[in-house]
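Hi,

Here is the structure I said I would pass on. Have a look at it first, and then read my notes below.

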Amino acid sequence: MDYTDDTCMTGFSQEQARRMRCTLQSNRPLLYQLAGPIASAVARTGTGNLNTSFTATAPRLGQSATAQAITFGTGYSAAAVYGYTGAATLPFNGYTILVDTNSAAVLQLPLQVSTIVATWTYTVPNIAALAGLPIKTQSVLFGSTFALTNAMDLVVGN
């Protein structure tokens, strides 16, 4: 841009922009990063819930994410994970439901039976429309009765 009239120094031409994009994508791919929502995972607790038994990793488009429920020492032998787009704080039988089951269902991980640590690994679809999607997850533990864990508030990121 230094070799032109001052009136042309306010922006790049289409050819200059194309050359920069091609150089970054082909020769310097580690120099740039896709912009967009940042993936996150934040724990949230509810009254009477088993506060330390559920964790989840931040979901990223096109990558694997995990959820984990610990049943050891709880008296429960199976676990499932549910995810919705809405948060809730609803008292239920001495526990607190922290996902809004009336909101859009996003995630239902199958029941893990007879385990001490139930770990699910799933692939987040590489669909740009999912970027920024909030997911409120909570695990349900089963045995002779059931219990609710803490919740994880997730955001799908790039």
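A word on naming before anything else: helices (H or I, at least four residues) and strands (E, at least two) are DSSP runs, numbered from the N terminus. Residues are numbered from 1 along each chain as its sequence is written, and side-chain values use heavy atoms, with hydrogens and water left out. Please keep in mind that this is a predicted model, where local features need pLDDT of at least 70, side-chain atom pairs count only at pLDDT 80 or more, and totals for chains, interfaces and linings use all residues.

Let's start at Ile116, which sits in the loop between strand 7 (105–113) and strand 8 (117–123). Ile116 has a relative accessible area of 49%, so it counts as partly exposed (buried is under 20%, exposed is over 50%, and partly exposed is in between, with a 1.4 Å probe and protein chains only). Together with Ile70, Phe72 and Val117, Ile116 forms a nonpolar patch on the surface, and the four share about 370 Å² of accessible area. A patch here is made of residues with over 30% relative accessible area and no salt bridge, with like charges joined within 9 Å and nonpolar side chains (Val, Leu, Ile, Met, Phe, Trp, Tyr) within 5 Å. The areas come from the Shrake-Rupley method with a 1.4 Å probe, and for residues only the protein chains shown count as cover.

Next, the charged pairs. How many salt bridges does the structure hold? There are 3, taking a salt bridge as a side-chain nitrogen of Lys or Arg within 4 Å of a carboxyl oxygen of Asp or Glu.

Glu15 takes part in a salt bridge with Arg18, at 2.6 Å from N to O. Both belong to helix 1 (residues 14–26) and are 3 residues apart, about one turn of the helix. Glu15 also forms a salt bridge with Arg19, where the closest N and O atoms are 3.2 Å apart. Those two are 4 residues apart in helix 1, so about one helical turn separates them. Glu15 is partly exposed at 36%, Arg18 is partly exposed at 39%, and Arg19 is exposed at 54%.

The remaining pair is Arg44 with Asp153, with closest N and O atoms 2.9 Å apart.

Leaving aside residues up to four places away in sequence, Asn49 touches Tyr95, Thr96, Leu98, Gln138, Leu148, Thr149 and Asn150 (contact means heavy atoms within 4.5 Å).

Three strands make an open sheet in the order 2-3-8, with antiparallel pairing (two strands pair if DSSP finds at least two bridges between them). Strands 2 and 8 stand at the edges with a single partner strand each, so one side of each has no neighbour in the sheet. Strand 2 pairs with strand 3 (residues 64–70) over 3 bridges, and Ala56 has Ala67 in strand 3 as its bridge partner.

Cheers
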